Amino acid sequence: AMEGEYATGSDIKDDYATTYEEGSPLADIRFLYDSAALSEEARATLEKHAVWLQTNRNVRVTIEGHCDERGTTDYNLALGEQRARAAWDYLVSLGVSADRLRTVSYGKERPLDPGQTEEAYARNRRGHFTVSQ
């Protein structure tokens, strides 16, 4: 991240709040088609998640890997697992305790958007973070 990219703390917070999906305090991250690589944007989001997790130490997180509908069920379950693991590895590298995190893959079984457009597919290629006590 470049210096001065974020003007103030409150700017970050407001921007962050708008990205919540499915009622989680932690925003989803997105993946490119057929990829489990973390984009710069995904890394930046995970860095915010790590900060939040350091201040909410009683919380556990399930990292869900999701895929778009293209490809077989088995293939997408494996890809979803790779996506969840990529997020898990990065959060652990940022100092989040591994025993607070678990991964699960839903493959293509739980699309966020049932549409069959590129936009829908992009929304469905995601890591979702379910928070529990």
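Predicted model: local features only at pLDDT ≥ 70, side-chain atom pairs only at ≥ 80, totals over all residues.
Trainee: What share of the residues of the chain counts as buried?
Mentor: Residues with under 20% relative accessible area are taken as buried. The chain has 133 residues, and the buried share is 38%.

Trainee: Among contacts between residues at least 6 apart in sequence, what share joins residues at least 24 apart?
Mentor: Val104 and His128 show what such a separation looks like in sequence, being 24 residues apart, with their C-alpha atoms 9.9 Å apart in space. That pair is given as a distance. For contacts in the chain between residues at least 6 apart, the share joining residues at least 24 apart is 73%.

Trainee: What span is expected for helix H3?
Mentor: Helix H3 covers residues 73-93, which is 21 residues. From its first C-alpha to its last it reaches 30 Å, and this is close to the value expected at 1.5 Å a residue, 30 Å.

Trainee: Which strands are among the elements that cover the buried residues of H3?
Mentor: The buried residues of H3 include Leu79, Ala84, Trp88 and Leu91. Their cover includes helix H2 (40-55). It also includes the strands S1 (29-30), S2 (60-66), S3 (101-107) and S4 (126-132).

Trainee: Which element gives the largest share of the largest nonpolar core?
Mentor: This core has 20 residues, and those touching the most other members are Ile29, Leu38, Leu46, Val61, Ile63, Leu91 and Phe129. The elements giving two or more residues to this core are H2, S2 and H3. The largest share, 6 residues, comes from H3.

Trainee: Which residues does Leu38 touch, not counting residues up to four places away in sequence?
Mentor: Leu38 is one of the core residues that touch the most other members. With residues up to four places away set aside, Leu38 touches Ile29, Phe31, Arg43, Leu46, Ala86, Ala87 and Tyr90.

Trainee: Over which ring does the charged end of Arg43 sit?
Mentor: A search of the whole structure finds 0 aromatic pairs. Charges over rings are another matter: Arg110 lies over the face of Tyr106, at 3.9 Å from the ring centre. The charged end of Arg43 sits 4.9 Å from the centre of its ring, that of Tyr90.

Trainee: Is Val104 buried or exposed?
Mentor: Val104 lies in strand S3. Leaving aside neighbours within four places in sequence, Val104 is in contact with Thr62, Ile63, Glu64, Gly65, Glu81 and Ala84. Its relative accessible area is 18%, so Val104 counts as buried.

Trainee: What is the phi of Asp34?
Mentor: Most residues other than glycine have a negative phi. Asp34 is found in the loop between S1 and H2, and at 41% relative accessibility Asp34 counts as partly exposed. Although Asp34 is not a glycine, its phi is positive, about 60°.

Trainee: Which residue with a positive phi follows H3?
Mentor: The phi of this residue is near 100°. The residue is Gly95.

Trainee: Which residues of H2 are buried?
Mentor: H2 has 16 residues and reaches 23 Å from its first C-alpha to its last, close to the 22 Å expected. The buried residues of H2 are Ala42, Thr45, Leu46, Lys48, His49, Ala50 and Leu53.

Definitions and conventions
Residues numbered from 1 in each chain as written. Heavy atoms only, no water. Buried < 20%, exposed > 50% of the residue type's maximum accessible area, 1.4 Å probe, protein only. Contact = heavy atoms within 4.5 Å. Phe/Tyr/Trp six-rings, centres within 6.5 Å; stacked < 30°, edge-to-face > 60°. Lys NZ or Arg CZ within 6 Å of the ring centre and 35° of its normal. Helix = DSSP H or I, 4+ residues; strand = E, 2+ residues; numbered from the N terminus. Expected span 1.5 Å × (residues − 1). Core = buried A, V, L, I, M, F, W, Y, C linked by side-chain atoms within 4.5 Å.
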